[in-house]
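Reader: I am new to this structure. Please show me how to read it, one feature at a time.

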Amino acid sequence: MSSCGNPAVEEQPLMPRRSKFGKSKDCVRCRLKPGDIVIRHAVYCKECFTPMVDMKFRKALEPSVNARAGTSKRPKLKASGNLCLGFSGGLGSSILLDMVHNTYFSNRPPLDDSGKPRGGSNHPRNASVWPSCIVCYVEVCGAFPGMQDRTEDIRSVVERYPSFDFVPLRIEDAFDESWWTKVSGSNSTPQVGLELSKEGLITDGLHVASKVTGLTPVEATRLYLSSLPTQTAISSALQNLTRVLILHTAHSGGSSHLLFGSSLTSLSISLLSAISQGGGYAIREELQEEWAPVAASGSKPSNMLRVIRPLRDVTAKECAVYSWWNNVSVIGRDKQRRAILGIAALTKNFVVGLEKDYPSTVSTIARTCEKLEPKDAPSGQCRLCKRPMQFAIQEWKGRISIRSYSDDKLAADLAHIPLPCRSNLDTNTPSQVPPLLALTDFLCYSCHTTLTSRSSRGVKQSAPGVSSIMPLPIWVGDRGLHRDGLMGGGARRKIPEQEMLDTVANFLIDNQDDEE
């Protein structure tokens, strides 16, 4: 072992190993008891650890509770609507469920001798922050055959908190017209299908429900996922479907706040994963956002839904210790769903492995992403994921992408590509005339990449006699597509030159008349 001492004076001088904690082994809060856990080189005892986590939770949540920020330093908390919790059964969402109940719903107002609240039930001090709270859980067993339904297990956990109402959802509800009618009030939303074989997602590849009828919501969900090109696209599609289902359910139920149980570790993983999949434009919405469905006129409604992650300052290690010391029941996520390979799984392995040696990794990632913001204002809302959409996405993608290998210099590079992968490359020269109107104009860059990304294993070929049309979620075919001209009798198309001449023939002056 290396030595830093003087061998002439010291017999066995050794270099002291760096301590995992600070100068003292005592708790940094009370400074009386010995520490029980080390969090980023800081020592906490068991009695001080739980209040510290509760303080982080309230500090991240309470500044966003009131609809308007007042001048008081400690304003009274009063939300403008109900509360919705997104629950997955995992560690973060289980702790969020317990914290919200113990902090805002378990405290009962003081009672007088008659058993009634002091000052009356309408007294301001007896009013709760949120009138009611619903817990939404999205079951994904319908997406994959052989997966176990865990709805009843989740229900048993939520029923332990009497102040919460359980709202079960299923991943196939994204293709169910009856669910969409209930949450949006729209009765005439067609099921839209899309041919992925047409790169660019032009309007000709968009089909109405007549081409995809006869499919149940479960069959449509499985066909949608099986048509995606990569495992990363499948994982991203499941996350988007789950998120949009909960967003619409919370908004239709009159909720003003939607809380997710993403810890600092899982939030950092999702931020890096989103950026690597082309979602950097909406990276601020991964941290916190105000969301509302776009109205028919294009203007946003007044009842905005605030999406908050109150555990964004609590690491996964702190969540695990909190659940152990406070006896929080954690069911855990389905292992089959977590086993899906892709960029998200690789990012998780990278961040978790790096955090073991560098505890400030996840905090640095989150703090850096908080400073990012887009240069331009969004041009609208993506039809698929309901996130802000970048302006002129097609022009930007055309400048940064190689669309074909027709160039001789680029074609020479095909020699190093394996033979099974060459069939996945487009060697034809693309048309110089862009489509007049494409579905790509209404998708964000991340969703467009999800639908058209190419796997190294080649393009999926449809079986003979099987339709290559992929059904899209029910909200994609909302009335906005009719207004934008992608569907219906008012669809815009490129008019041939001869048809234009025939239309204006009666208004043209003949050359012979001019000569006379």
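Reader: Is K33 buried, partly exposed or exposed?

Author: Start with the cut-offs: buried means under 20% relative accessible area, exposed means over 50%, and partly exposed lies in between (1.4 Å probe, protein chains only). K33 has 39% relative accessibility, so it counts as partly exposed.

Reader: What should I know about the model itself?

Author: This is a predicted model, in which local features need pLDDT of at least 70, side-chain atom pairs count only at pLDDT 80 or more, and totals for chains, interfaces and linings use all residues. Residues are numbered from 1 along each chain as its sequence is written, and side-chain values use heavy atoms, with hydrogens and water left out.

Reader: Which side chain does K33 meet in a salt bridge?

Author: A salt bridge is a side-chain nitrogen of Lys or Arg within 4 Å of a carboxyl oxygen of Asp or Glu. Here K33 meets E47, at 3.7 Å from N to O. E47 sits in helix α1 (residues 46–61), and K33 in the segment before β1 (37–39). The two are 14 residues apart. Helices (H or I, at least four residues) and strands (E, at least two) are DSSP runs, numbered from the N terminus. E47 has 47% relative accessibility, so it too is partly exposed.

Reader: How many salt bridges does a search of the whole structure find?

Author: The search finds 10. One of them joins R243 and E289, at 2.9 Å from N to O. R243 lies in helix α6 (residues 231–252) and E289 in strand β9 (residues 289–291), so this pair ties together parts 46 residues apart in sequence. Both R243 and E289 are buried.

Reader: Which residue does E290 meet in a salt bridge?

Author: E290 meets R306, at 3.2 Å from N to O. E290 lies in β9 and R306 in β10, so parts 16 residues apart in sequence are tied together. R306 is buried, at 18% relative accessible area, whereas E290 is partly exposed, at 45%. Salt bridges can also share partners: D149, R170 and E172 are joined into one network that way.

Reader: Why is strand β8 largely enclosed by the rest of the structure?

Author: Count its buried residues. Six of the six in β8 (residues 255–260) are buried, so the strand is largely enclosed.

Reader: Which strands pair with β8?

Author: Two strands pair if DSSP finds at least two bridges between them. β3 (residues 82–86) pairs with β8 in the parallel sense, over five bridges. There, N82 stands opposite S255. β10 (residues 305–308) also pairs with β8 in the parallel sense, over three bridges. In β10, I308 is the bridge partner of L259.
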